[in-house]
Amino acid sequence: MQSSLLNDNRPAILDGPPRERPEWSEPPELWNALESRVTQPTQVTLGHAPSFSFEMLTLIFLLLPLVLFVARNVYLKKFKSGKNVCVLVLGDIGRSPRMQYHAISFAREGFTVDVVGYPGSPPRREISENARVRLHYLRPPPDLQNSVPRLLCYVVKVVWQTADLSWLLLRKRISDSLITQNPPAIPTIPVCWFYCVLIQAQFTIDWHNYAHSLMALSLGENHVLVRLARRIETTFGRRAKNNFCVTKAMKEDLEKKWAIQAKILYDRPTDNFRPITVAEKDEFLCKLTEKYDLSVPCSPRRFGFIVSSTSWTEDEDFSILLNALQEYEDACEASELNLPDLICAITGKGPLKDFYMAIINLKNWQHVTVKTPWLENEDYPKILASADLGVCLHTSSSGLDLPMKVVDMFGCRLPVCAYNFNCLSELVRHNENSLVFADEKELAEQLKMWFRDFPNNETQRHMREKFQETMFASQQNHNDWHENWKFNVLPCFRE
């Protein structure tokens with residue numbers, strides 16, 4: 001009976017208007033609930049599913065860094081060799097001798113080496129023909145100097161270099177350590193630091209000079225880019241695992257100004273820079289004519305031969321040398337001091353070369369000849385060893401670095417006339433191992449003194465022998481680059 005009543009009432013509830021409630025024994029609450037569910041529109045609650053999705057997304061977001069961290073560690077553990085070093089210079093690799101020496105020394109000690117930099121001059125054979133060394137060349141940024149404002153050109157260049165350098169570092173084999181040269185600092189140092197953090201590599205800076213001091217030569221001390229470079233050097237220098245520098249003066253300055261602890265790594269000549277025999281010298285001088293259009297008579301020696309090398313930048317004022325050569329020319333014209341004709345070879349490439357070549361071409365000298373050859377790597381040590389005197393015009397934008405060219409000349413036992421600046425005495429000491437001058441007048445007097453009665457001046461010969469015996473006496477350390485490097489650098493990469 002109860003079942004029949006339910007069956008009879010369902011159609012009425014579902015298909016038509018509600019009837020009078022039958023009198024039955026079920027509680028009225030049940031009838032009210034049933035009627036409400038059928039007659040009222042169905043309401044769908046949408047909050048529960050999104051709430052569930054949000055919680056899942058939050059969990060994934062929180063776990064993703066952990067998953068990536070674990071995956072990175074597994075990847076690094078699998079593919080890190082333990083003895084791979086990246087040697088990086090944001091410049092022409094072939095014109096960066098100190099960084100090339102780093103790479104060669106690492107390879108000699110059993111490391112695999114990735115050398116990163118720009119193409120241009122060919123690197124040393126010990127790098128290009130070494131199975132342990134791989135060269136990775138960056139793409140030069142577009143040249144926009146004559147198309148857009150200077151600041152915009154620099155911004156585009158930095159963005160390009162940042163992207164290109166980052167991509168190259170990430171796609172080459174994984175490094176355990178990275179050593180980069182400073183300067184330049186922008187964008188090299190921040191990019192290299194971030195890469196080292198990402199792959200858990202040891203970050204090292206080799207301070208050749210200060211980037212901000214070089215930039216200040218053309219932009220001024222208060223330029224925004226100069227201040228940015230100084231901030232980058234300060235910030236990331238403190239975060240580097242190791243810092244090396246080229247002088248005691250720079251070490252003290254880094255510690256005093258920025259609280260950066262650096263280790264001195266003096267430049268040293270490699271085995272290629274050595275004295276050569278008289279026969280080797282004559283043979284090389286005779287070859288200079290056909291190879292570099294530089295004629296230096298082999299025998300008899302009636303010409304004086306001086307050599308200088310430069311990167312033709314603002315920190316070397318070659319007008320000093322040119323004015324001294326003019327005074328030497330005048331002395332020859334006046335038949336003073338029995339001076340020989342002089343041949344001056346200036347090697348190197350750089351932005352100011354055309355400027356100085358225009359000045360040289362205006363000279364109508366009869367007793368002085370100036371040539372500017374670009375030498376192959378194997379010929380540069382030979383021309384130093386064949387010269388009678390070297391000239392260095394390096395002044396240092398910071399006053400804290402030493403000229404590498406003098407180190408190379410000393411390796412070939414070539415006495416030098418060096419322009420005086422703050423820390424030069426760490427390498428060159430006047431009348432002890434070479435000569436130091438303060439202006440063009442002093443340089444002219446030294447040239448005339450050195451070549452008076454050449455080549456039969458006994459005073460000059462004794463002075464030359466004295467200088468050769470004490471060339472590295474001011475630096476009480478290993479005279480050979482690799483031995484010096486093993487003592488100062490290698491222990492830091494074996495920790």
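Cys153 is buried, at a relative accessible area of 14%. Here buried means under 20% relative accessible area, exposed over 50%, and partly exposed in between (1.4 Å probe, protein chains only). Cys196 is buried too, at 3%, and its sulfur sits 6.6 Å from the closest cysteine sulfur, in Cys192, too far for a bond. Searching the whole structure turns up zero disulfides, a disulfide being a pair of cysteine sulfur atoms within 2.5 Å.

Keep in mind that this is a predicted model: local features need pLDDT of at least 70, side-chain atom pairs count only at pLDDT 80 or more, and totals for chains, interfaces and linings use all residues. Residues are numbered from 1 along each chain as its sequence is written, and side-chain values use heavy atoms, with hydrogens and water left out.

**Salt bridges**

The whole structure has 15 salt bridges, each a side-chain nitrogen of Lys or Arg within 4 Å of a carboxyl oxygen of Asp or Glu. Three of them are among those listed here:

| Pair | Closest N to O |
|---|---|
| Arg98 and Asp267 | 2.6 Å |
| Lys486 and Glu483 | 3.9 Å |

Arg98 lies in helix H4 (residues 97–108) and Asp267 in the loop between strand E7 (263–264) and helix H11 (278–292), so this pair ties together parts 169 residues apart in sequence. Helices (H or I, at least four residues) and strands (E, at least two) are DSSP runs, numbered from the N terminus. Arg98 is buried at 4% relative accessibility, and Asp267 is buried at 10%. In the next pair, Arg124 is buried at 7%, while Glu126 is partly exposed at 31%. Lys486 and Glu483 are three residues apart in helix H18 (residues 481–488), about one helical turn. Lys486 is partly exposed at 32%, and Glu483 is partly exposed at 38%. There's also a network of salt bridges linking Glu327, Lys441, Glu445 and Lys448.

**The sheet**

Overall, the protein has 18 helices and 13 strands. Six strands make an open sheet with parallel pairing, in the order E10-E9-E8-E11-E12-E13. Two strands pair if DSSP finds at least two bridges between them. The edges are strand E10 (368–371) and strand E13 (435–437), each pairing on one side only. Strand E8 (residues 303–309) is joined to strand E11 (residues 389–392) by two bridges, and Ile306 stands opposite Leu389 in E11.
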